[in-house]
Amino acid sequence: MTNHKFKQKLCSLVLFFTLLSTLAACSNGNSEPITEKPQPLLAEKITAITVTPENWPKQQSPIKRSPEQETKIAALLAKMTLEEKVGQVIQADIASITPQEAGEYNLGSVLNGGSSAPNGDIHAPPSEWLKLADEFYQASTDTSDGGVGIPLLWGIDAVHGNNNVVGATLFPHNIGLGAANDPGLMRKIGEITAKEILVVGIDWTFAPTLAVVQNDKWGRTYESYSENPAIVASFAGPLVEGIQGKVNTDSFLSQDHLLANVKHFLGDGGTQDGKDQGDSTVSEAAMRDIHGAGYPPAIQHGAQVVMASFNSWHGRKMHGSREMLNDILVERLGFDGLVVGDWNGHGQVAGCSNVSCPQAFNAGLDMFMAPDSWKGLYNNTLKQVKSGEISMARLDEAVSRVLRVKLRAGLFDAKLPSKRPYAGKFELLGSKQHKAVAREAVRKSLVLLKNDNQLLPLSANSKVLVAGEGAHNIGQQSGGWTLSWQGTGNNNSHFPNGESIYQGIQKAVQAAGGQVELSESGKFETQPDVAIVVFGEQPYAEFQGDVTDLDYKPTADLALLTSLKQQGIPTVSLFLSGRGMWVNPEINASDAFVAAWLPGSEGGGVADLLFKDAKGKVQFDFTGRLSFSWPANPLDVELNVGDENYQPLFAYGYGLSIKDKQNLELLSEAVDPAVSQINDERFLFAGDPVQPWRVVLNDAGGNTQVSASSQASSLSKLFVQATDHQAQEDVIQATWQGAANLSIQGNPIDLTLKTQSGMALAFNYKVLSQKANKVTLSMSCGADCIGELDVTSALKSKVDQDWQQANLALNCFAKAGSNMEKVDIPFMLAADSGLTIQLSEVKIVEPENTVSCEL
C-alpha cells in the first residue's frame, strides 16, 4: 500500500468514529471539514418497504397563503370549464405543439426538452426564443373564444446556466460545484442564471437537481453535487433562493427572479447498479437521510415546484406513489407548490401509458409532463374526470396548485414576455459580470490530484504546448445539456461569449511574454518547456451516459502522454469528466494531474490556477476538494464515504494545495479481468439489454425506454413483457397493435472491422404470430443513416416453429445504407399490427457458413 493510500484508509476509519474528523490530517492538502453521512444505511438492502410518513421531518410551508390570491383562485375555478381545468394540468414540448394549439387546449405549461428549440434549431438566436415566448403567451391569454385566458408557464432545463441558448454563461456542472463547496457562490449562480433566462422571456427552470448519487455508472452523475448529502443539503436553500429570491421578502419571485424546480423526488441517485430510471431498494431511513436531504431546506427556502422522479422504490414508480408525492412531500415536508412529472414518466406507472394515467394524477401529480403525448393524454384525462375515475375534487386541487404558483410568480400581472424588465437585454447573456462569477466557479471547482515536484503553478513566461482533443473545444469542456440534450453537434462558433481552455492559457502566457503552441496531436515545432494535455469524456446526458465501469478507455490520450514523457517534457493533464474515473496509467504518465470536471464556458478559470501572473506571483491556489470518492479500480462504481471497507484511490475531501510537497508514488495499472470494454458484441442477453445498451419502444407518440418487466409504447401500439423460456423472465415478448418499432440503443460504436471480417448480427427468436403487412429489421446510425432489411415473409414462415437463430451478415446492413463507423442502434425491428415475437439474445458473432442476408 502506498503512503497516500495508507493515509486515505486511515481517514475512512476515522470518519466512522467521529463527526468532527477532517481529512486535513489524512490526505495532505485537504483543509475542508468532512460531515459524516448516516451509517450504515448505504449497505442496507431490503426487499419490501413500508412507508411511514411519521418518520420524516415535519415542517410547515414558509409561505403563508394570501387571502387575495385564494379568493382569485376560487373565482377562476368557478369560471373555468372542465376542458380548461384539464388543460392546466398538462405540459407539452414545444417540438410537439404550436402556440395556437396550446391556446386552443388551454394548456397550463410548455417546455423545451433537450434539443427542442425555436424552429427546431438548437442554435437559434436569443431573439427567436423571446419571439416564441410571446407567441405562446399571446395564445394562452387570448379570450376571444370566451375562455378565461390563463397565461401558461414555460419551463426550461437551465441546469448549468441558461445552457439552451446561444451566448449564455455556462457554469461548471454540479459535480464541479460540489467540489467548490461554496453555498454563497451557489446563490450567485442561481441569481445570474435567473436573469439570463428572463432575457429570453421564460418563466421556470427545471433546477436545481438534488440527487445524491451513490453509483457513478449513472449517466447523470455530473448533475449531482456530491455523494455526501450534507453538501447537497447545504446547496439546496441558497440555489433556490438565488433563482427565486428570498422567501417572504419583496425579492421573492420579483421581476429579477423566476420559478425554481427541485428534482427528482425521490431516490434517482440511488438506483440499483446506477441504472437510469431504475429501482432503488434502500431503506426508508436511507431514502430520507441520504436521497431526501436536500428537500427540507429547499422547501424552507420557498421552492415552488418539485419534479417527480423516473425511478421506482422497491418496484413502485415514484410517479404513482401517493405516500411520497402527498403523504410525505406535502403533508410532512410542508410543500405548498405544484408537483410536475418528468418526461412521460407517468407512462411508466403500472397500468398506465403515456396517454392515460389517472393513477399518477390521483397519487398527487399536479401537472403531467407529456411532451409528445399531450393531446391523447388530454382527451383521456377529460374522459376520466367525466367518468369519476379522477374526482372533481382532485382536479380542482391540482388546478388550484397550478394557479397558486402562477399567481405567486406574478404571471397574471406580467406583461408580454418581450415587455418585461429583462427581456431582450441580450447583452446580459455572457456579460462581463456573469462571466466573472463563472470563472470564479471554475477556479474553485478544479481539484489537484497530483503535483510532483510542485510543478504547478507554471511560469507564464514559458514555451507552452497545449495538446489533446479537449484543449480547444468549448463543447467538450461544457459537457451534456449544452445547446443540445447530449451536448453534441456543437463547435466553438456556437459559443460566441465562451473561451476554450486553450484560449484562456493563450491569454495568460502571451500576457507574460511567453509562447504557446496549440497541437491536438502533441506534435510541435519548438521543444516546449511544459505541455498541457486536455482530454476526457465526450459530452453525454442520461441514458447515453450510462457506463459499465469507470475505466477511461480511450487509448490515444495515454499514447500522447507517454510520448511527451519519453521526450522528457514536463506534462500537466487536465481531465474533463462527469465522474471520477480509473485513469491510473494517465496519472502515472503525468507530472501534474487535475480533475477539471466539466468547467463550462470560462476556460480562463483553468489558466488562473495553472499559471503565475506576468510578474511571477501566484494568482490562486487550488481549493477544490473531491465531493465524490475517486475509484481505486474500474469496478469501484459504488464507492461512498463512510462505506464499510472504504478504500478509494483518493478519498472524499481530497485535494492538494500548491503548497503541498507531496509526490505521488506510481499507481497500479493492473486491470481486473472483469472490467468490460465498450460492449460492441452483445446487446441483449437473457431478455435484458446489456449495459450500456437500452431497449426502447417507439410509436407516433414518441420514445419509451423499457424500465419494467411489462411496458407499452407511448400510444400503446407496441407492448413488451418479460416471460420465461429456460429461466425466469429470460425472454422479452413483443406484440404489435399498430405501427411501432423496438430498438436497442446506445452510444455510437464502430463496427467497420467486424463488418470487413464478415461477422454477423445473430439473434435468437420465436415467432408466435405474424399477420403484419410489413416487418423490417435494421441497423441505424441516425435518422438518415439506416440499413433496412425486409423480413416480412421470412418471419411468416417461422410461425409456430421452435426457437430460431438468425445470422445476418453485417455487410447486409452496410450495403442497405448504414454507416458502420457510428452505429447507435444495432437492432431495430419495425412492424405494423399483427406481429408477436420473443427475443432472448442479440449479439455479433464470428463468420459462419450460415451467414447471409436472409433469416
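Which strands each supply at least two residues of the lining of the second largest pocket? They are β9 (316–317), β19 (688–689), β20, β22 (710–712), β23 (718–723) and β24 (731–736), strands being DSSP runs of E of at least two residues, numbered from the N terminus. The model is predicted: local features need pLDDT of at least 70, side-chain atom pairs count only at pLDDT 80 or more, and totals for chains, interfaces and linings use all residues. Residues are numbered from 1 along each chain as its sequence is written, and side-chain values use heavy atoms, without hydrogens and water.

β23 gives the most to this lining, with four residues. Of the 39 lining residues, K275, S707, A708, S709 and S710 lie nearest the centre of the pocket. The lining divides by class as follows.

| Class | Lining of the second largest pocket |
|---|---|
| Nonpolar | 14 residues |
| Polar | 17 residues |

Strand β20 (residues 694–699) holds L697. Beyond its neighbours within four places in sequence, L697 is in contact (heavy atoms within 4.5 Å) with residues including V706, L718, V720 and L742. Its C-alpha atom is separated by 9.9 Å from that of A830, 133 residues apart along the chain.

Elsewhere, five strands form an open parallel sheet in the order β4-β3-β2-β1-β11, where pairing requires at least two DSSP bridges between two strands. β4 (204–205) and β11 (368–369) are the edge strands, each pairing on one side only. Two bridges join β1 (residues 90–93) to β11, and Q91 stands opposite M369 in β11.

Terms used: 1 Å grid on protein atoms, 1.4 Å probe; cavity = no way out; pocket = protein on both sides within 12 Å on 5 of 7 lines; lining within 4 Å. Nonpolar A, V, L, I, M, F, W, Y, C, P; charged D, E, K, R; others polar.
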